[in-house]
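Please work through the following exercises with the sequence and the model open beside you. Each task is followed by a solution that goes step by step.

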Amino acid sequence: MNRLSKSGYLLFLPAAFFFSIFYYWPLLVNVVLSFFSWNMVSSKIKFVGISNYTDIVQTAEFYSVIVNTVLFVLFLLIFNFVLPYIYSYILAYVLKYGKNLYKVFFFMPSLFSLSVASILFLWIYNPLAGPIDAILQIFGLDSPRWLKEPILVIFSISMIIAWKVFGYNFILMLAAMMSVSKEMIEAARLEGASDWVILRKIIIPQTSSSAIYVFVITVVFGLQYVMIPVNILTQGGPNQGSANLVYVIYQYAFVFYQVGKSAAYAVLTMLLFVIFAWWRNKVLDKKVYYEN
Amino acid sequence: MKINLKKELIGHIILIVSLLICLWPIVFLVSASLKDLNQIFQYPLNPLPENPTLSNYFTVLDRFPIFQFTGNTFFIAITVTIFKIITSLLAGFGFVYYRFKGRELLFNSMVLTFFIPMSVLIMPNYLLISSLGLLDTPYGVILVEIVDGMGIYLMRQTMRSIPKSIYECAILEGASPLYILWHIILPLVRPSVISISIMFFINAWNEYFWPLLILKSKTEYTLALALPMFISAEGGSEWGLAMALAVLTSILPFILFIICQKYILNTFIQSGVKG
């Protein structure tokens, strides 16, 4: 349209400035600090080469953190990607009535702060008197200690995130499902295609870019959201059983005061996310629909 | 589409049951905030409080500087929203209005920040804010949140849908870019700008982690930070009070959503879905 003039640069300047300072500069700082040993407060800072990385990789903690992260991602994908996908298909193609109403109500939990959600679920999970315990007692069962057992704690915390995020992902997926060409589906119906064939050959391909987007935000944001209930409810426990890649970065810096290791974890995490973002971008370039 | 009664029925049953599961914690939250502690413990499943009481709310208001927390939260949320909208509007407009080498690269480098996990950034940003002497001030929280990759993406997406001829007419008239943005484009995209603002506001209102690191003294606390103060180590907590504060924390986002739900949902749907 227009060639960029000198004053045109000014439009980008504020955004570019703050992105550089608070998004790109920190990435650089992490890389540098990951080669040093420092406790954040003292003036003593020592160059240690790559030993932060080698130390991390040699601990058992590193592997349990990776396993926990994978478990979190799996639970989140089931509740915030697979379920919204199925539900939006049901609402868009099986049901005729109530679309708007479901949309509004399913979205409601997304409005809550995760701080509120954490406290609310802490009570819901209360193994002695909480509502889930009350339900289980009707069937004569004892409530497990939702936040104190390994693995179960990951499920319990994922459920808090699932509760908040489900509705948001659901309306994104629903919009994609609704935008699939109606003519195409009608034409396929006339040709005698079954629902299953229509789903596989028309709906899944046509909603794939949205599905990939929802997949990516489920993983990326899910892991970031997880930090909040973990910090409020378990502090990474029991015995680091709910610590994950995103949380240990915080822990090493602000709880253990080992800045170098925190930075090393941050660099490793960032690498994983870069791969993820690159993949998303590649898919986007191919699939996205441009108006111009 | 023909209605298949059996399918319709099964579908609705699945959705309604799931919806009840989703909404149950909300109902529970409100009803517990209206119960006294005895009732909370004795009848955790009863959604209707016997003798509903506002005493939890009065106690919370009495014991904690709720108005100050609310004021702090509001100040941070509104300032963050205004700055995010300004930076996103300017950059989003620039990406639509100008064509130049490296445009896509610049655009991607801004939008992809949306996918950088916050926890990777917090320690370096904390050091920076601390060296600027902004720890324990709302400005320390705000400064880091002046830009938003998703905001720029959404703004560009919205402005792209404006017909090119409108831009061309304005340019022929000799209008400057800022004039075009302010007087011609902004009125056209106002609904999207409003709903993006609401989205920013709700997110900033609800934020927990970054304020937690920056704000140390209780007088600076936001509502989301104040809430976890209620839980003591072993959960011997005052649940009624916690639930009352949780309701107070959540009420504003809810009102905003109910007033503008159509706008908000549509913005997500129109713009968010394609990315």
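The model is predicted, so local features are reported only at pLDDT of at least 70 and side-chain atom pairs only at pLDDT 80 or more, while totals for chains, interfaces and linings use all residues. Residues are numbered from 1 along each chain as its sequence is written, and chains are lettered from A and ligands numbered from 1 in the order in which they are written.

**Exercise 1. The interface**

Task: Determine how many residues of chain B are in contact with chain A, and which helix of chain B gives the most to that side.

Solution: Begin with contacts, where two residues count if their C-beta atoms, placed from the backbone, lie within 7 Å. By this rule, 79 residues of chain B are in contact with 83 residues of chain A. Next, look at the helices, which are DSSP runs of H or I with at least four residues, just as strands are runs of E with at least two, numbered from the N terminus. Helix H1 (residues 5–33) of chain B gives the most to the side that touches chain A, namely 14 residues. Finally, sort that side of chain B by class, with Ala, Val, Leu, Ile, Met, Phe, Trp, Tyr, Cys and Pro as nonpolar, Asp, Glu, Lys and Arg as charged, and the others, Gly among them, as polar; the result is 57 nonpolar, 17 polar and five charged residues.

**Exercise 2. A helix pair across the interface**

Task: Find how the axes of helix H1 of chain A and helix H6 of chain B cross, and which residues make the contact.

Solution: Take as axes the lines fitted to C-alpha atoms over the stretch in contact, with angles from 0 to 180 degrees between N-to-C directions. The axes of H1(A) (residues 6–33) and H6(B) (residues 118–131) come within 8 Å and cross at roughly 85°. That makes H1(A) roughly perpendicular to H6(B), a label given to angles of 65 to 115 degrees. From H1(A), the contact uses Phe22(A), Tyr23(A), Pro26(A), Val29(A) and Asn30(A), and from H6(B) it uses Val120(B), Leu121(B), Pro124(B) and Asn125(B). By class, seven of these residues are nonpolar, two are polar and none is charged.

**Exercise 3. The core and a buried helix**

Solution: A nonpolar core is a set of buried Ala, Val, Leu, Ile, Met, Phe, Trp, Tyr and Cys residues joined through C-beta atoms within 7 Å, and a residue is buried if 20 or more other C-beta atoms, placed from the backbone, lie within 10 Å of its own. The largest core holds 161 residues, and Leu120(A) is among those that touch the most other members. In helix H5 (residues 114–124) of chain A, 11 of its 11 residues are buried, including Leu120(A).

**Exercise 4. A loop residue**

Task: Explain why Trp146(A) counts as buried, and where it is placed.

Solution: Trp146(A) is in the loop between helix H6 (131–138) and H7 of chain A. Trp146(A) counts as buried because it has 22 C-beta neighbours inside 10 Å. Leaving out residues up to four places away in sequence, Trp146(A) touches Tyr125(A), Pro127(A), Leu152(A) and Ser156(A).

Note on methods
Angles under 35 degrees count as roughly parallel, over 145 as roughly antiparallel, 65 to 115 as roughly perpendicular and the rest as oblique. A residue is buried if 20 or more other C-beta atoms lie within 10 Å of its own, exposed if 12 or fewer, and partly exposed in between; C-beta atoms are placed from the backbone.
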